[in-house]
Amino acid sequence: ELKSIIEPYKDILSVSELSFIGHTSTPGTPEANQKLSEGRAETIKKMFLEIYPEAKNWKSSSIGKGETEPIEKNDDIGTAEEKEQKQQHNRRVEVKI
């Protein structure tokens with residue numbers, strides 16, 4: 001999936017710095033979620049570098065934000081399915097160029 005997202009932009013990617021920022025939902029301890037988000041960001045960074053080896057010369061970083069920056073409110077409102085969907089939206093890696 002990562003390749004299909006980036007492929008259309010490959011020819012115009014002339015950046016020299018990338019940041020991979022991992023996020024989690026709230027289930028679990030803050031410490032565990034922090035570690036999970038760091039691992040998530042590092043995994044996507046490694047995948048990116050495998051797909052685009054020319055990016056190995058770029059400055060890149062991976063950081064984890066844990067559960068501190070949700071895009072969906074983590075609350076107990078709604079059905080179990082709705083709550084799971086909110087949590088899934090918060091489990092992500094953002095790539096900043």
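Start by selecting Pro70, in the loop between β2 and α3. Helices (H or I, at least four residues) and strands (E, at least two) are DSSP runs, numbered from the N terminus. This is a predicted model, where local features need pLDDT of at least 70, side-chain atom pairs count only at pLDDT 80 or more, and totals for chains, interfaces and linings use all residues. Residues are numbered from 1 along each chain as its sequence is written, and side-chain values use heavy atoms, with hydrogens and water left out.

**Stop 1: Pro70**

Stay on Pro70. Its relative accessible area is 40%, so Pro70 is partly exposed. The scale runs like this: buried means under 20% relative accessible area, exposed over 50%, partly exposed in between (1.4 Å probe, protein chains only). Now show the neighbours of Pro70. Leaving aside those within four places in sequence, Pro70 is in contact with Asn90 and Arg92. Contact means heavy atoms within 4.5 Å.

**Stop 2: the whole chain**

Zoom out and colour by secondary structure. The protein has 3 helices and 3 strands. Along the sequence they follow the pattern α-β-α-β-α-β. Of the 97 residues in the protein, 27% are buried. The protein exposes about 6600 Å², and carbon and sulfur atoms supply 51% of that. These areas come from the Shrake-Rupley method with a 1.4 Å probe; for residues, only the protein chains shown count as cover. Then think about contacts between residues at least 6 apart in sequence: 69% of them join residues at least 24 apart.

**Stop 3: helix α3**

Select residues 80-90, which form helix α3. Which residues of α3 are buried? They are Lys86, Gln87 and Asn90. They cover an arc of only 100° around the axis, which puts them on the same side of α3. The arc is that of the directions from the helix axis to the C-beta atoms.

Lys86 counts as buried because its relative accessibility is 18%. Not counting residues up to four places away in sequence, Lys86 touches Glu72, Lys73, Asp75 and Ile77.

**Stop 4: strand β1**

Move to β1. This strand is mostly covered, with 5 of its 7 residues buried. Show β2 (59-64) beside it. β1 and β2 pair in the parallel sense over 6 bridges. Two strands pair if DSSP finds at least two bridges between them. For a landmark, find Ser19, which stands opposite Ser61 in β2.

**Stop 5: the nonpolar core**

Select Leu2, Leu18, Phe20, Ala41, Ile44, Phe48, Leu49, Tyr52, Ala55 and Trp58. These 10 residues make up the largest nonpolar core. Such a core is a set of buried Ala, Val, Leu, Ile, Met, Phe, Trp, Tyr and Cys residues joined through side-chain atoms within 4.5 Å. Which elements give two or more residues to this core? They are β1 and α2 (30-51). The largest share, 4 residues, comes from α2. Leaving aside its neighbours within four places in sequence, Ala55 is in contact with Phe48 and Leu49.

**Stop 6: the rings**

Keep the aromatic side chains on. The structure holds 3 aromatic pairs. Between Phe20 and Phe48, the ring centres are 5.7 Å apart and the planes are at 55°, so this pair is tilted. The pair links distant parts of the chain, with Phe20 in strand β1 and Phe48 in helix α2, 28 residues apart. Rings of Phe, Tyr and Trp (its six-membered ring) pair if their centres lie within 6.5 Å; planes under 30 degrees apart count as stacked, over 60 as edge-to-face and the rest as tilted.

Check how covered these two are. Phe20 is buried, with a relative accessible area of 1%. Phe48 is buried as well, at 4%. Phe48 lies in helix α2 and Trp58 in the loop between α2 and β2, so the pair ties together parts 10 residues apart in sequence. Finally, show Phe20, Phe48, Tyr52 and Trp58 together: they form one aromatic cluster.

**Last stop: Glu31**

Select Glu31, in helix α2. Glu31 counts as exposed because its relative accessibility is 58%. The C-alpha atoms of Glu31 and Glu67 are separated by 9.6 Å.
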